[in-house]
Amino acid sequence: MKKFILGTAMALVMSTAAHAETVGVSMAKFDDNFLTVLRNGMTDYAKTLSGVTLQVEDAQNDVSKQQSQIQNFIASKVDAIVVNPVDTDATTAMSKLAADAGIPLVYVNRQPVNVDTLPDKQAFVASNEQESGTLETEEICRILGGKGKAVVIMGELSNQAARMRTQDIHDVIKTDECKGLEIVEEQTANWDRTQGADLMTNWLSSGIEFDAVISNNDEMAIGAIQALKAAGKDMTKVVVGGVDATQDALAAMQAGDLDVTVFQDAAGQGKGSLDAALKLAKGEKIDKKVYIPFQLVTPANVKDFVTKN
């Protein structure tokens, strides 16, 4: 009888261990509003899953640190890895590390340069960046009646999202409806609110005139708004757009300062990336690219998004 009880207990322990999974997560940086929502979405979701443990690391915007984190995950034999890449041009080496170790890897939010040649057991979960900058710029074009001068604030140029969103802007301006728009300045502020404010201050000091600010994300747009207000500009005469629909951005929109943003489901991307990683760890087949749609946010529908990011 004792042997039967002992055997049953051992089987239970082994069954539990077999279903326990550890996922290593390397985030580009913790100190970012949107990425914080994404990370929290992932960790909150993990708490609802039995036997799933996350090991979450901050790469602090350092490519070499992120690569070391991936190597450490591999050495500790995690069941899967989720990466929000610091530099989307550096992902080929990361993919090779994981593939050589036979550990599934999922990129989240920022599109890897090798997205079309990802090895087996690797995937990408995000939103289609071609939608974000397009929705933003089309709405700004509509507000301006298809003509006016605009300044463009870009994110980190090492990120595919910044390059794609900026290309979206140019593509929209080439259309018949929006060819009356002219870009008078275009510079990077590295996704950062303070840098966005500094850049706008420099433009204002230089006497640059514009009707719209088209920003690759909300943080830089908010920084631009702060600088415009500090300079005494009438916010009703400047159209400002961003991307992400963060809570700060939605508050700025409700205050009448931000005119356009695009909802990117950060928590949904976090949940989706963890789901993908766990499925790959179990040997299941999934799509190489999993896209979560963007949604345009304006003062007319802003209340629908206040609790989402």
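Helix H2 (33-47) and helix H6 each put at least two residues into the lining of the largest cavity. Keep in mind that this is a predicted model. That cavity has a volume of about 130 Å³. Elsewhere there are two open sheets to look at, one of six strands in the order E2-E1-E3-E4-E5-E11 and one of four in the order E7-E6-E8-E9.

**The cavity**

- How many cavities of 30 Å³ or more are there? The count comes to one.
- Its lining is made by Asp32, Phe34, Leu35, Asn109, Arg110, Glu129, Ala161, Arg165, Trp191, Asn217, Asp244 and Gln264.
- Sorted by class, that lining has five charged, four nonpolar and three polar residues.

**The pocket**

- The largest pocket comes out at about 200 Å³.
- Lining this pocket are Leu204, Gly207, Ile208, Glu209, Phe210, Asp211, Leu228, Lys233, Asp234, Lys237 and Val238.
- Five of the pocket-lining residues are nonpolar, five are charged and one is polar.

**The six-stranded sheet**

- Strands in any sheet pair through backbone hydrogen bonds, either parallel or antiparallel.
- Which way do the strands of E2-E1-E3-E4-E5-E11 pair, parallel or antiparallel? The pairing in this open sheet is parallel.
- Strand E2 (52-58) and strand E11 (289-291) are the edge strands; each has a single partner strand, so one side of each has no neighbour in the sheet.
- On average, neighbouring strands here are turned by 20° against each other, ignoring direction.
- Take strand E4 (residues 105-108) and strand E5 (residues 122-126) as a pair to zoom in on: they run parallel and are joined by four bridges. Within this pair, Tyr107 has Phe124 in E5 as its bridge partner.
- Helix H4 lies across strand E3 (80-83), E4 and E5, and runs at about 155° to E4.

**Helices H3 and H4**

- Two packed helices are described by the angle between their axes and the distance between the axes.
- For helix H3 (residues 63-75) and helix H4 (residues 91-101), the axes come within 10 Å and cross at roughly 5°. H3 and H4 are therefore roughly parallel to each other.
- On the H3 side, the contact uses Gln66, Gln67, Ile70, Gln71 and Ile74, while H4 brings in Ala93, Met94, Leu97, Ala98 and Ala101.
- What sort of residues make this contact? Seven are nonpolar, three are polar and none is charged.

**The four-stranded sheet**

- The open sheet E7-E6-E8-E9 has parallel pairing.
- From one strand to the next, the twist averages 20°.
- Strand E8 (residues 212-215) pairs with E9 in the parallel sense, over three bridges.

Key:
Residues numbered from 1 in each chain as written. Predicted model: local features only at pLDDT ≥ 70, side-chain atom pairs only at ≥ 80, totals over all residues. Heavy atoms only, no water. Pairing = 2+ DSSP bridges. Axes fitted to C-alpha atoms, helices over the stretch in contact; angles between N-to-C directions. 1 Å grid on protein atoms, 1.4 Å probe; cavity = no way out; pocket = protein on both sides within 12 Å on 5 of 7 lines; lining within 4 Å. Points joined across faces, edges and corners; volume = space filled by probe spheres on them. Nonpolar A, V, L, I, M, F, W, Y, C, P; charged D, E, K, R; others polar. Parallel < 35°, antiparallel > 145°, perpendicular 65-115°, else oblique. Contact = heavy atoms within 4.5 Å.
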